[in-house]
Amino acid sequence: MKKSSKTIYLPIKGMSCASCARKVEKSLKQIEGVEDAVVNLSSEKAVLSYDGNLISPGLFIQTIEKIGYGVFLQTLTLPLNGSDTQEKITSLKEVLGKLPGVVSTEISANSTITLSYLESLWEEEEARKTFKKLGLTYTPISEKAEDIIAREKAQEEKKLFQRFLFALFLTIPLFIISLPHMGLDIFAILRINHSLMSFIPYISLILATPVQFIAGYPFYLRGFKGFANRAPNMDSLIIMGTSAAFLYSLWVTFLPFLEPLLDFHIPHYMKVYYYEVSAVIITLALLGKYLESVARGRTSQAIKYLLGLSPKTAIVIRDEEEIKVPVDEVILDDIVLVRPGERVPVDGVIVEGYSTIDESMVTGESLPIDKKAGDQVIGSTINKTGSFRFRATRVGSDTFLSQIIRMVEEAQSSRAPIQDLADKITVYFVPAVIVIALIVFLIWLFAGPSPSFLYALSTTISVLIIACPCALGLATPTGIMVGVGEAAKRGILIRKGEALEKMEKINTVVLDKTGTLTEGAPTVTDVVLMLGFNRQEFLQLTSSIEKLSEHPLARSIVEYSRDEGVTEFIEVEEFEAIPGKGIKAVIKGQSVLIGNETFLREENIAFNNREAMERLYQEGKTVVMVSIDSKVAGLIAQADTLKEGAIELITSLKKMGYETMMLTGDNQQTADAIGRKVGIDRVFAQVLPQDKSLIVSRLQEEGKKVAMVGDGINDAPALVQADIGIAMGTGTDIAIESGDITLIKGDPLRILTAIQLSRETMKIIKQNLFWAFFYNLTLIPVAAGVLYPIFKLLLNPIFAAIAMSLSSVSVIGNSLRLQYIKLQSDKKSKKIYNWFSDKLGYL
């Protein structure tokens, strides 16, 4: 059976640290038929590639739930006809269960059927058709999965903060009454009778117990789950450390009652209470979790704001009536009405009316664009002035905005190679810390000073508490999430996080000339006639042939001829286009060749008037030669305007140390003239489309790391061959799948932005990894007591808890600095950046 490769995105619930993500990923990879699985802790999503012939999505959900985690599913409840037979209900259940994305169908006692489905696989149109065939009323769920997940996370954050406040409320008095044990006689300061000190252990127990087992319940739940899955996590370390402190204190508290019964006595110096230690650790851990949750939420702000751009409703014309419907109910070919000030709900083509539309979110242009019948409109752009009606051509997940959102989500959920080392370490990190803690306990117990048991207990608790695998697990994903989001704000779509890392290693930038450095819209500048040809007849004959070609040079010749008065075109008898060279045609019985000098030379056409040709080449113009019956009849010179920012781009790239190169189909003299104008280091001229990838390959053989920049269509092979492919585009015409990085607008300075942002992102990720490694490699030994023999210093478990709570937050906070970094290219290429910043209040 032929393999059916599919990709699925699963929103995971219940992950709290890097060990959780690793466990879920490992379990999914063990399923037969899974080709790859990546679980991202920051985005809380799993991305799976699998063989659809071997596996159904339900198996993934069962696997995830089996190890104690969950997957967010949308549910849709439908009323059934009370008179339906059991056979019909079973048939309904079977048909609905086969809809894309449906995981389960359940029939309830009150005559309803409930579908649980994955929104990422759900196909609105197919569901609508199936429901109609079955005689059921289909009402789409108005609230998207992302909105529900965001609301649930907000509620979880609220509960987490309330849990922290509850713990803090009990921990503050507990800490105060514990001060005498720390050498501060608070009773004397407050003039309280010292006889009350005998009640401190019991009051401490009353205050500490709710903190340990009520406020700390989530740590126990997740920690024991980690042990059950043979993948202990950070919460496992927290419950081990705090439980040890609490249970020892509990034992000492009731020791006076146990000593007479057991005839067992311990030295007075060992009767120390650690209630405040366990309570403070739990409280600080809750604070750290809350701050981490808030900070992680900010790393995905770009997606949230993109989702917020889409209008919720649309006005459609059905049966000559205006009906307001949810945007999800707009179907293909619906006629949609848009009034002034409203957002365009989906992509389409205007059929009636005219207006001006703000497309800054797509093109980056601050000025509204005039639109009339026949023009395309893009969903989520803003209608400024007039009303118009348009026919929906792309709806739901096919709209341009949906493609952008999907691409950003894919990139944010991807893994960069730099993360591999951290991932491997997190697998063994917690078990290693537990082993280290046990060794530390034994060393202090048998080799430490008196009271050795207390020293052993304190250092062991510190080691367990201070270790933080989450900082390692979050170092790379948070950097990628923020970096990809910042790129999207600037009109740069990054397909995979790997592209950020590869971009940092690039040392050579190869640019296709047409459409990248130039506007890609050449205009005729000169017509040089030979052999006494009539100008009008020459233009009529040439444009009649060029009219059949799709090449930009051909289109400009046709447009020029029309401007010069050519109104009628001659029928072409034979036509053959030769890619990269020109055209062979027969018209009015004459054999005609139109193309570059190389093409005519290959066809043995002699040309003696070099002076005119050289002059045009020196001016940087592209020359099209026209031969009629084996004699050169004339030359048509065309010039393509350099894009604004092209010269600044090359200048900046060279200053940053990149070698710049240009590929063009022009002859060497024309190419050199353009190269000199923009300052290119190396020019490749007379390059055929199919040869571009060969040139990139040769450069790579020379040891260069190549970024190829092209239009994403005829440059596709070169984009794939390059270490990094950057596809240029304009609006909806962009070839999103062509490159590793896609620029929504064909602005050359966006190339500079992409490179600079990639560098900054990788710098942040490396800082995160350094801090995470440095933190654990340095502070775990300090917590174990390596400074004690020389400086007589031991780390109090409370300070270990403070360090642990801030470690993950510091990594996320460092990643969020990307939101405030000002790039050199922002001041020039800032329109779309400012649109996101100003409209969304993102910064």
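This is a predicted model: local features need pLDDT of at least 70, side-chain atom pairs count only at pLDDT 80 or more; totals for chains, interfaces and linings use all residues.

**Strands, hairpins and cavities**

Me: Which residue of β24 is the bridge partner of V524?

Reply: Two strands count as paired if DSSP finds at least two bridges between them. Strand β19 (residues 523-529) meets this rule with β24, running antiparallel to it over six bridges. Within β24, the residue that partners V524 is Q638.

Me: Which residue in the turn between β23 and β24 has a positive phi?

Reply: Strand β23 (residues 622-628) is joined to β24 by seven bridges in the antiparallel sense, and S627 has V632 of β24 as its bridge partner. The two strands form a hairpin with two residues between them, and the turn residue with a positive phi, of about 50 degrees, is D629.

Me: How many residues of strand β21 (residues 582-587) are buried?

Reply: On one side of the pairing, strand β20 (residues 574-578) is joined to β21 by five antiparallel bridges, with F575 partnered by A585. Strand β22 (residues 590-595) is also antiparallel to β21, through six bridges, and here I587 is partnered by Q590. β21 is mostly covered, and of its six residues the number buried is five.

Me: Which residue takes a positive phi near 55 degrees in the hairpin of β21 and β22?

Reply: The hairpin of β20 and β21 has three residues between the strands, and there G580 takes a positive phi near 80 degrees. The hairpin of β21 and β22 has two residues between its strands, and the one with a positive phi near 55 degrees is K588.

Me: Which strands stand at the edges of the open sheet of four strands?

Reply: The sheet pairs in the antiparallel sense and has the order β2-β3-β1-β4. Each edge strand has a single partner, so one side of each is left without a neighbour in the sheet, and these edge strands are β2 (34-40) and β4 (70-71).

Me: Which residue of β3 stands opposite S5?

Reply: Strand β1 (residues 5-13) and strand β3 (residues 45-51) run antiparallel and are joined by seven bridges. In that pairing, the β3 residue opposite S5 is D51.

Me: What is the volume of the largest cavity?

Reply: A cavity is a set of points on a 1 Å grid over the protein atoms alone where a 1.4 Å probe fits but cannot get out, and lining residues have an atom within 4 Å of a point. Points are joined across faces, edges and corners, and a volume is the space filled by probe spheres set on them. The protein has five cavities of 30 Å³ or more, and the volume of the largest is about 120 Å³.

Me: Which helix gives the largest share of the lining of the largest cavity?

Reply: Among the residues lining this cavity are A18, R22, E25, R415 and D423. By class the lining has five nonpolar, three polar and four charged residues, where Ala, Val, Leu, Ile, Met, Phe, Trp, Tyr, Cys and Pro count as nonpolar, Asp, Glu, Lys and Arg as charged, and the others, Gly among them, as polar. The largest share, four residues, comes from α1.

Me: Which helix gives the largest share of the lining of the second largest cavity?

Reply: This cavity has a volume of about 60 Å³, and its lining includes F219, M234, K289 and S808. At least two lining residues come from each of α9 (234-253), α11 (275-299) and α30 (797-816). The largest share, four residues, comes from α11.

Me: What percentage of the residues of the protein count as buried?

Reply: The protein has 31 helices and 29 strands. Of its 843 residues, the share that count as buried is 54%.

Definitions and conventions:
Residues are numbered from 1 along each chain as its sequence is written. Side-chain values use heavy atoms; hydrogens and water are left out. Buried means under 20% relative accessible area, exposed over 50%, partly exposed in between (1.4 Å probe, protein chains only). On a 1 Å grid over the protein atoms alone, a cavity is a set of points where a 1.4 Å probe fits but cannot get out, and a pocket is an open set with protein on both sides within 12 Å along at least five of seven lines; lining residues have an atom within 4 Å of a point.
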